[in-house]
Amino acid sequence: MPWDIHTGSHGLPDAGHAPCVSRATPAPDDTFDRCGGSGRDRLIRRRSPRRTVLEAMRVPLSLLLVPVLALTACGRAESKENAAPAAAKGPAMMTVTPKISASGYDITPLPPSRVEELARKLTPEEYRITQKAGTEPAFCGNLLDNHKEGVYVCVVCGLPLFASAHKFNSGTGWPSFYREFDPEHVHRKTDVSFGMVRTEIDCARCGAHLGHVFDDGPAPTHERHCLNSASLKFYVTGETLPAESRPAKR
Ligand SMILES: [Zn+2]
């Protein structure tokens, strides 16, 4: 039986596969038949069974490559997935641990960008005093003669700074307190401006300038916290405080 160019064997063609070229009339080498190959091509295939084997391996190889590529792709996806939490860990590690005062308030120092944002709501006078360490004229502050019971909070960030229970009339023309609402809420630093050595007091949370503290106050502390009214905002007892003026949730 002659070699069948379509089945590659001496048997009959596969059922359902009509031969492209009659066995009796082989196709010229340089012509293409409807199966897409030239007669020369088929002859080469017949003479090179090794090539036929290699070609036969193409499909399985390509099939093998699919899972390999899929695994590679999955590997990449996994890498990205692994990378995501790693990236998420970055900012988490940068997170500042909240600092809570003894009286229960969040006194974590605010970043400059947040202070800048809060300072936009201030009046020019409040801005000059709290952000530029200014001083309001004596006997001009609106809280000097305030005798109501309540709390004085920072005009910038709302942190409670002083309480009416500690306010006294110093006769200086500025609101005066003999102690802070909580010592941790008021930061002290040396001020050598105007040829004097004084102790400046600032808000511990936002850094707003408040005034100065002197050692000529009444008992029991003998301190006099001399405040600018413009640095403070007063809430009468019973009035609803904003969230930033309330204790931190624990
Ligand atoms: Zn503040």
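**Close-up views of a predicted model**

Buried residues make up 21% of the 250 residues in the chain; a residue is buried if 20 or more other C-beta atoms, placed from the backbone, lie within 10 Å of its own, exposed if 12 or fewer, and partly exposed in between. The model is predicted: local features need pLDDT of at least 70, side-chain atom pairs count only at pLDDT 80 or more, and totals for chains, interfaces and linings use all residues. Residues are numbered from 1 along each chain as its sequence is written.

View 1. Helices (H or I, at least four residues) and strands (E, at least two) are DSSP runs, numbered from the N terminus. Along the sequence the pattern is α-α-α-α-β-β-β-β-β-β-β-β-β.

**View 2. Helix α4 spans residues 124-132.** Its buried residues are Glu126, Ile129 and Thr130. They lie on the same side of α4 because they cover an arc of only 85° around the axis (the arc of the directions from the helix axis to the C-beta atoms). These buried residues pack against β7 (209-214), with contact meaning C-beta atoms, placed from the backbone, within 7 Å. On the other side of α4, Pro124 and Lys132 are exposed. Alanine 133 follows α4 and has a positive phi, near 55°.

**View 3. Three strands form an open sheet in the order β2-β1-β9.** The pairing is antiparallel; two strands pair if DSSP finds at least two bridges between them. β2 (160-163) and β9 (232-236) are the edge strands, each pairing on one side only. β1 (residues 150-154) pairs with β9 over 5 bridges. Glycine 150 stands opposite valine 236 in β9.

How values were computed: Contact = placed C-beta atoms within 7 Å.
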